[in-house]
Amino acid sequence: MTARQTLRRPTLHRASLPAADDFEIWRDIARRLIRADMPPECVVWESPADQRADLFASRDAFLPEPPVSAQQPRATRAFLQLAQSAVLHIDPERFSLLYRLLWRLQSNHRLMDDKADEDVRRVEDLARQVRRDIHKMRAFVRFRVVEEPEGERYVAWFEPEHHILRANAAFFVRRFTSMHWSILTPRGSIHWDGEALHEGPPAARTDARSGDPVEALWGKYYSSIFNPARLKVGAMLKEMPRKYWKNMPEAALIPELIAGAQAREARMVDAGAQDFGDRPKSLVEVGDAIVACRRCAIGCNGTSAVMGEGPTDPVLMIVGEQPGDQEELQGRPFVGPAGQVLHAHLSGAGIAAGRAYVTNAVKHFKFVPQGKRRLHQTPTAGEIDTCRWWIESERALLRPRIVLALGASAARSLLGKTVSVQSERGKPRTLDDGSELWIATHPSYLLRLEGDSRVLEERKFINDLRSVAMRLSQLS
Amino acid sequence: MSRTDIMGRLEILADAAKYDASCASSGTVKRSSKGGKGIGSTEGMGICHAYAPDGRCISLLKILLTNHCVFDCHYCINRKSSNTRRARFTPQEVVDLTLSFYRRNYIEGLFLSSGIVKSSSHTMEQLIEVSRILREEHDFRGYIHLKTIPEADPELVARAGLYADRVSINVELPTVAGLTRLAPDKSAPQIEGAMGTLKTAIVEAKDARKRFRNAPRFAPAGQSTQMIVGADAATDSDIVGRASALYGQFGLRRVYYSAFSPIPDASAVLPLKRPPLMREHRLYQSDWLMRFYGYAPHEVQQAAGADGMLPLDMDPKLAWALQFRADFPVDVNRAPRERLLRVPGLGVRAVNAILAARRQRRLRLDDVGKLTVSLGKVRPFIVAEDWRPVLLTDRADLQSMIAPRRSEQLELFAS
Ligand code: SF4
């Protein structure tokens, strides 16, 4: 390519493009120049938008006429694709850069493959920036609806960095064919009336009216879909640089969202999440911890927590609902009236009560005072779930093979969901650690019944215990 | 309904949807609104219309139809026993919201999910109704992603795919034990059954279209799923294994990971220590290694430590390379593509550029530097025309020499 360099300053040819973004015309001129064998250093390219006048070029020759016999220039598809994008860049050097590359391509057909070549890299860079700008325009254009005599028109103000407006119009046509819309930019505007695209002069931001009522809804969506527990401002800025913010209504909310994120996360956590820390390493630790536990409202009522009791290597663990009046006073599980019913039936079924570990789903006593009496109250699902941490700790330490849950609260504590005791009783379920869960009614339920129904329920209860006794004998 | 009323419900129902990681709107067929009565287009690649301060892309209107729920999953803010504020939209309201956002170019479409009300099938019908109104009454040609309810009638789950571009069913937790413990109302066989139904429907529809051009399209962007990370004891190794099994069994397009995040009114069954967000990032990187870099699941698992966890201070590719130093250095002028893809710091694009450039001439270290962003990381693992890393890969301090700073790691696999 340097073969025709002379010692004299070469004659400069001026290639003038009518528009800043016209690839077809650039291609026609470039073709002609190549056929005229015109080296890149002899051509000065210019277009109106670049506002650049090369003093040397001003007096220079018109474009040369190529000889008729000249060969058609060649360009690879890769080059053409890149050039179509790169030509839209605002860099005034783009035309000459592309021409230089095309010139070099004539003698080296595989030049585009050499990604380490300076010219190739530079053009790829330009093309990449243009593609990104096109993509960001598709993403960040925000229409506002304007009532016009013919109906609604959607108007957007946008400031692209490169000459992409016309190249990008087709996208908006494909997307919003049935709408009437306008996109206004500082370098020109385009308008779609449902049938044809019209080009218009440059516009000012004030030409796009503000005050679309849907913007407030959009802002609400934007603030709500964001998770304050995962603030990553850098990642946001990388994809949505500040220069775009001024035309995006939702961006006005960002500073406030960032500033409030920590508080919002703290509120999210405080609103229920409680850090129980690591699992206790011994039953003694569990006992100490529940005494101090105030994680649900029951623990704050001034009663003492009641720990489970029994052997430390039990095959069977029996879980009740919560300590009652007697239990709370004595600090031991199942010592009140319900406990007596349980113990009577256990020995009836042949289960040695002393061999089982006995505990409760909820460790504190929930009640309402009535005169001097404390009336038992059923714990809520939330309270059971909160206290589940402790019973799981006990299970993890004791690893019983069989767990017998008495009543719906105990069953929820072990299963994490509310089930019907009547339909779940009499058959084992496998728990996550492989142990068996059996469900039966709570003995206090039997205490509340009278007559025939009590007889019936007691029989069922005994049956449940017998089934458990049978499993126990199989296991030991 | 007044706008302020809609606003209040939008706040609740978008807030409740924020734990879903996916907002993707890509991978579907090309459509445009030309020749139609409505609006909307899809062009293969989705568009992120905004980014939130959590760094995540907003490309879809992602909301719940309702956050009332009869289920009681412990990790879920909408579970029955939670004290969260409740709200619901009618299908028509969701349709109106989607269209008014879409017309203003705020979104690519809709990602609709729901708490379970009345019954799973009833809920599924409501979700389908939204997409039916959008498609049939408004000729909406934008993107629709429906989160289907696995417990619903399989026929309904299959119908969703006729309107939606993508369907998803969340596996929720990586292990069955975790699912039983934290989502007692859900069952792994049921979830997988529904995934299987969808897979069959997707494959059949594709087949049918090969034979009859007018056969209806079914979820052309395929199905995806999400797993919550860090809510149970599952290790990264478990998670990678589970994900690759799901990819294989159900032909999933994507498995999304969502680091368990503190939720208001959480259940005490949860650990409540949020896992480091980096863990989620590492899992995405490992996913990437399997999908684009030819790593087998067991190889990714090899990158994990003895505890089954991927290192947090380096990406899994580097971790793997440090485990298998004998496989390096790789000659950039000779090695096949698969080997080059194993070099830490060389992405798919850099490898393609190297392969193209070396057809021209032999590459020097300097040339490689022009084709990658992190030469420092690459250098110990390659041989170039003028470069050979003398025993560098054996140096004990290699890891600390090249272990990148945190900020750089985040960008390593950024697209
Ligand atoms: S009942 Fe359970 S959770 Fe509530 S304060 Fe007592 S020990 Fe803690």
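Mentor: Let us begin with helix α13 of chain A, residues 408-415, in this predicted model. A residue counts as buried when its relative accessible area is under 20%. By that criterion 7 of the 8 residues of α13(A) are buried, so the helix is largely enclosed by the rest of the structure.

Trainee: Which residues of α13(A) are buried?

Mentor: They are S409(A), A410(A), A411(A), R412(A), S413(A), L414(A) and L415(A).

Trainee: What do the buried residues of α13(A) pack against?

Mentor: In chain A, their partners are α12 (381-398) and the strands β8 (316-320), β12 (402-406), β13 (429-430) and β14 (436-440). Chain B also takes part, through α5 (176-182).

Trainee: Which residue just after α13(A) takes a positive phi?

Mentor: That residue is G416(A), with a phi of about 80°.

Trainee: How should I read the overall form of chain A?

Mentor: One may compare its radius of gyration with that of a compact globule of 476 residues, which would be near 23 Å; chain A has 41 Å. Its C-alpha trace spans about 115 × 55 × 40 Å along the principal axes. The chain contains 16 helices and 14 strands, and buried residues make up 50% of its 476 residues.

Trainee: Which residues are around the ligand?

Mentor: Among them are C293(A), C296(A), H364(A), C387(A) and W390(A). The shell divides into 5 nonpolar, 3 polar and 3 charged residues, and the space that the ligand takes is the second largest cavity.

Notes:
Residues are numbered from 1 along each chain as its sequence is written. Chains are lettered from A and ligands numbered from 1 in the order in which they are written. This is a predicted model: local features need pLDDT of at least 70, side-chain atom pairs count only at pLDDT 80 or more; totals for chains, interfaces and linings use all residues. Side-chain values use heavy atoms; hydrogens and water are left out. A residue is near a molecule or strand if one of its heavy atoms lies within 4 Å of it. On a 1 Å grid over the protein atoms alone, a cavity is a set of points where a 1.4 Å probe fits but cannot get out, and a pocket is an open set with protein on both sides within 12 Å along at least five of seven lines; lining residues have an atom within 4 Å of a point. A molecule sits in a cavity or pocket if more than half of its atoms lie within 2 Å of its grid points. Ala, Val, Leu, Ile, Met, Phe, Trp, Tyr, Cys and Pro count as nonpolar, Asp, Glu, Lys and Arg as charged, and the others, Gly among them, as polar. Helices (H or I, at least four residues) and strands (E, at least two) are DSSP runs, numbered from the N terminus. The radius of gyration is taken over C-alpha atoms; the globule rule is 2.2 Å times the number of residues to the power 0.38. Buried means under 20% relative accessible area, exposed over 50%, partly exposed in between (1.4 Å probe, protein chains only). Contact means heavy atoms within 4.5 Å.
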